[in-house]
Amino acid sequence: VQLQASGGGLVQAGGSRRLSCAASGRISNVAPMGWYRQAPGKQRELVATIAGTGRSNYADSVKGRFIISRDNIKNTVSLQMNTLKPDDTAVYYCNLWQAGKDYWGQGTQVTVSS
């Protein structure tokens with residue numbers, strides 16, 4: 001299983017950005033997928049997760065601003081980020097949990113300027 005994330009970049013505060021992650025290999029449609037982020041000097045934290053059923057879960061800090069979605073045919077997971085804040089600046093990692101293992105993408109940098 002491999003994950004390839006894309007969509008990071010520089011955005012002004014209040015703007016939007018969409019991250020995408022493509023999974024390849026033997027992927028189960030029920031495998032939970034998600035996004036995590038790690039800011040400089042901080043631990044990696046959960047941003048949002050989505051089950052194979054489409055049920056989603058969000059960190060309190062992004063509720064109402066971010067939307068996670070997945071396409072079980074294309075094996076992709078996306079994160080629509082709106083009303084971005086400087087505190088959202090981090091490296092964002094996509095994640096898939098399957099058969100007792102965590103799989104991670106390479107990370108994509110999102111920088112929000114004030």
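Accessible areas here come from the Shrake-Rupley method with a 1.4 Å probe, and for residues only the protein chains shown count as cover. With that in hand, I looked up the surface: the protein exposes about 6200 Å². Carbon and sulfur atoms supply 48% of that area.

**Ground rules**

I am reading a predicted model, where local features need pLDDT of at least 70, side-chain atom pairs count only at pLDDT 80 or more, and totals for chains, interfaces and linings use all residues. Residues are numbered from 1 along each chain as its sequence is written, and side-chain values use heavy atoms, with hydrogens and water left out.

**Overall build**

I looked up the secondary structure next. Helices (H or I, at least four residues) and strands (E, at least two) are DSSP runs, numbered from the N terminus. I found zero helices and 11 strands. Read from the N terminus, the order is β-β-β-β-β-β-β-β-β-β-β.

Then I checked the dimensions. The C-alpha atoms fill a box of roughly 40 × 25 × 20 Å along the principal axes. The radius of gyration is taken over C-alpha atoms, and the globule rule is 2.2 Å times the number of residues to the power 0.38. For 114 residues, a compact globule would have a radius near 13 Å; the protein has 13 Å, so the two agree.

How much of the protein is buried? I noted 41% of the 114 residues. Buried means under 20% relative accessible area, exposed means over 50%, and partly exposed is in between (1.4 Å probe, protein chains only).

I also looked at contacts (heavy atoms within 4.5 Å). Of those with a separation of 6 or more, 52% join residues 24 or more positions apart.

Charges came last in this part. Lys and Arg count as positive and Asp and Glu as negative, while His and the chain ends are not counted. Each charge is placed at NZ of Lys, CZ of Arg, CG of Asp or CD of Glu. I recorded 13 positive and 6 negative side chains, with the centres of the two sets 5 Å apart.

**Arg65**

Arg65 sits in the loop between strand 6 (56–58) and strand 7 (66–71). Is Arg65 buried or exposed? Its relative accessibility is 9%, so Arg65 counts as buried.

I listed what Arg65 touches beyond four places in sequence: Gln80, Met81, Asn82, Thr83, Leu84, Lys85 and Asp88. Leu84 is 19 residues from Arg65 in sequence, yet their C-alpha atoms are 7.7 Å apart.

A polar contact is a pair of N or O atoms within 3.5 Å; within protein, one must be able to donate a hydrogen and the other to accept it, and residues adjacent in sequence count only if both atoms are side-chain atoms. The side chain of Arg65 makes one with the side chain of Asp88, at 2.8 Å. A polar atom of the Arg65 side chain also lies 2.9 Å from the backbone oxygen of Thr83.

Most residues other than glycine have a negative phi. Thr83 has a positive phi of about 45 degrees. Thr83 lies in the loop between strand 8 and strand 9, and is partly exposed at 45%.

Asn75 has a positive phi of about 55 degrees, though it is not a glycine. Asn75 is in the loop between strand 7 and strand 8 (76–81). With a relative accessible area of 17%, Asn75 is buried.

**Asn95**

Asn95 belongs to strand 9 (residues 90–98). Asn95 counts as buried because its relative accessibility is 5%. Which side chain makes a polar contact with that of Asn95? I found Asp102, at 3.1 Å. Asn95 is also in contact with residues including Leu3, Pro32, Tyr36 and Trp104.
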